[in-house]
Amino acid sequence: MSRSPNQDETRSAAHGRRRIFSGIQPSGSLHLGNYLGAIRQWVRRQDERSDEVESFICVVDLHAITLPQDPESLRRQTRELFALLIACGIDPERTTLFVQSHVRAHTEATWMLLCATPLGWLERMTQYKVKAQRQESVGAGLLTYPVLQAADILLYDAHEVPVGEDQKQHVELCRDVAQRFNHLYGETFVVPEPVIPQVGARIMGLDDPSAKMSKSDSAARGHAVLLTDPDAEIERAIKRAVTDSGNEIRFSDDPEKAGVDNLLSIYAAVTGRSRAECEADFADARGYGDLKKRVAEVVVDVVGPIRERAAELLRGDHRELDRLVALGAERAAAIAEPKLAQMRERLGFLPAPR
Ligand code: AMP
Ligand code: TRP
């Protein structure tokens, strides 16, 4: 049995810096939950000392097509997501921000990894079982989805994969696949760790505070705050948020008070204030109207500039955006290609004729 390399060894394998990799699908529209629960963490990590960490953020269009997509919408959403990530603070000069399908190595590596993945590992995946149940006919891509995700991560020798709780199982599968490949063909991959946010701001739907704010429901009016929503729309959605018949503004586990708890959680996450400070801020509020008004204000303050910056990048012929998309693809390929060449060599493929 070969052992997996320890942290110091893997650190040196990636030229001294810890590599962070995450991905996000260009399906549906980005909402406040995505920003507070995921993207903001990526930005914070990027802003740490650049001699210590190196970040990769991938817009995973190949993953999006595991469920049917309208081609025109996919194109629009891919561009929009790329622009929104930049608008949220991902700096394409410091972070390698790229579109998955632009780096061909991802699809090629997926095939090689698939052949080293037992079918049973994939059939066990919770997300596959849930998604397959909802579909009338199930594409094979839905089953092999986590291996594409493993290829994303392994091609970059990533140490850390910041994801939501729901993706933990996929990152664990990625670890298993990496270890198996290393065992079968010799040390090739860094075995990555999932990083789940501790106080995972889990933002709930405004229309139904018992369900997570989600991209798939975000088309429903009043469900989500989208990062592209105009101020008036944000104000309206928050004003209409479901609460309860009481008037106590406090954090609570009581399902009855889930709406108020969610609004306070949004307020806390956006302002960075502690729970006690947040409750104190509303000590002399007169009812939920005051709470909603104040929450809407702080949300508009963060979302407004994001929306405007993204709109600027998407305006006209979006030449600057296209330049950044190309830059990301080039930088990502420079890392993925040599890794792919190493995989090919390990597997015993003849060098490709030039
Ligand atoms: P998804 O929208 O499911 O593709 O998720 C993209 C990222 O946003 C993942 O890292 C999720 O964990 C995070 N995320 C999605 N919805 C929420 C939510 N309602 N609250 C907090 N984080 C979320
Ligand atoms: N499957 C992830 C999701 O739906 C997105 C994803 C694709 C990803 N490749 C990744 C996340 C690599 C982390 C690392 O949220």
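**Strand β2.** I began with the side chains of β2 in this predicted model: Val53, Ser55, Ile57 and Val59 point one way, Glu54, Phe56 and Cys58 point the other way, and all are buried (under 20% relative accessible area, 1.4 Å probe, protein chains only). Strands here are DSSP E runs of at least two residues and helices are H or I runs of at least four, numbered from the N terminus. In a regular strand, side chains alternate between the two faces of the sheet. Seven of the seven residues of β2 (53-59) are buried, so the strand is largely enclosed by the rest of the structure.

**Its neighbours.** I then looked up the pairing, which needs at least two DSSP bridges between two strands. β1 (residues 18-24) runs parallel to β2 over seven bridges, with Phe21 opposite Phe56. On β3 (residues 96-99) I found four bridges to β2, again parallel, and Leu97 is the bridge partner of Ile57.

**Domains.** Next I checked the division, whose bounds come from an automatic or database assignment: domain 1 is 13-200 + 317-347 and domain 2 is 231-314.

**Bookkeeping.** Residues are numbered from 1 along each chain as its sequence is written, and chains are lettered from A and ligands numbered from 1 in the order written. Local features need pLDDT of at least 70 and side-chain atom pairs 80 or more, while totals for chains, interfaces and linings use all residues, and side-chain values use heavy atoms, without hydrogens and water.

Methods:
Buried means under 20% relative accessible area, exposed over 50%, partly exposed in between (1.4 Å probe, protein chains only).
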